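This briefing concerns one predicted model. Please view the sequence and the structure below before reading the points that follow.

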Amino acid sequence: MTDKPDGGPAGPDQHPARAPGRLQRALAAPEFAVTAEIGPPRGADAEPVRRTAALLRDWVDAVNITDNQSASVRLASWAGSLAALSVGVPPIMQLTCRDRNRIALQSELISAAAMGIPNVLLMTGDHPRQGDHADARPVFDLNSTELISAARTMRDEGRLMSGRAVEPAPSWLIGAVENPAGPPEASAARLAAKVAAGAQFVQTQFVFDVPAFADWMARVRDLGLHERCSILAGVGPILSLRALSHLQGKVPGVHVPEPVADRLRAAGADRLAGEGERLCAETIGQLTQIPGVAGVHLMAVANERRIPSILRRAGRTARPAPTADAAAGYPVAAAPAETPPAAAPAPPKARAVTARGSTTAP
């Protein structure tokens, strides 16, 4: 990160948030920031979100709560965000353009701020045909860049898209997503448009090909985007041959290099999960060496309990969450006991980086 006022957002040209939260402070500090993703359950019970968030509380700076990921019905992102807040974990509320028009989108953003949700991640969203209601009508009144611009205007100028005043204006850190796959110039140009619209941090698609991601980051640095927006590289463990096959053939924009795939296959079915954790930890270490990378976003779909183990392997230690980050008026539950990871040689501690400066459609 670079030249950011203490506690301010990721860039001197961005409007400072009124109440810097844990993620915002992490992105303003020299340490490597860490976020993780929680997929809400398909059921009328927020306890799974609370339990998982409590497990991650001392390991991450914020947790993404996905918004009907893969275009499938789940507990709403705002409900999951409140569940995370209830155990003292700052949420990043995802909001997709797929299911709502501009009236509903702006209403949800105002409501998130009113309920104390400190961060939002704005994206276009997967098409309904990819989900569990393939005959649903998509909305897509706005795209992600237009929604980011609308959110920035609401926060910084106190105006809706209609021009009417929002009093009081909302306040949150604004995030976006980006897929570095393909020609670096095209992806970097998409990111530039989102940063110009108001994105203060970005989380990327899974990174398994670190050299290719380094090339993309070189283009990002050439454009000076790392100085205006904090880049969080997407990482995650591949824990089974089935998951490997899915990532290689069914997730657009994800490239698993053959040497990586060969290494996982060579581990055998019984040891592949452990090898996947080690590979993920090594990837985190490699990403710390790339200039401009502000942190990582860990996606361990349905295996969030493995995240502390992965971070230990990467040389990180648990950090008690600041007391001030517990939401006012919410009791903070104790984190559940963790299962110790299998013994494995720990890699050197990941170097802290001072960055100058979900498989969801961006």
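H5 passes H6 in a right-handed crossing, that is, with the near helix turned clockwise from the far one by less than a right angle. Helices (H or I, at least four residues) and strands (E, at least two) are DSSP runs, numbered from the N terminus. Residues are numbered from 1 along each chain as its sequence is written.

- Contact (heavy atoms within 4.5 Å) involves Ser144, Thr145, Ile148, Ser149 and Arg152 of H5 and Ala193, Lys194 and Ala197 of H6.
- The axes of H5 (residues 144-157) and H6 (residues 184-197) come within 8 Å and cross at roughly 20°; axes are lines fitted to C-alpha atoms, for helices over the stretch in contact, and angles run from 0 to 180 degrees between N-to-C directions.
- H5 is therefore roughly parallel to H6 (an angle under 35 degrees).

**Barrel**
- Eight strands form a closed barrel in the order E1-E2-E3-E4-E5-E6-E7-E8, with parallel pairing (at least two DSSP bridges between two strands).
- Strands E3 (residues 91-96) and E4 (residues 119-123) run parallel and are joined by five bridges.
- Met93 has Val120 of E4 as its bridge partner.

**Leu279**
- Leu279 lies in helix H10 (residues 272-287).
- Leu279 is buried, at a relative accessible area of 11% (buried means under 20%, with a 1.4 Å probe and protein chains only).
- Beyond residues up to four places away in sequence, Leu279 touches Val260, Arg263 and Leu264.

Methods
This is a predicted model: local features need pLDDT of at least 70, side-chain atom pairs count only at pLDDT 80 or more; totals for chains, interfaces and linings use all residues. Side-chain values use heavy atoms; hydrogens and water are left out. Angles under 35 degrees count as roughly parallel, over 145 as roughly antiparallel, 65 to 115 as roughly perpendicular and the rest as oblique. Buried means under 20% relative accessible area, exposed over 50%, partly exposed in between (1.4 Å probe, protein chains only).
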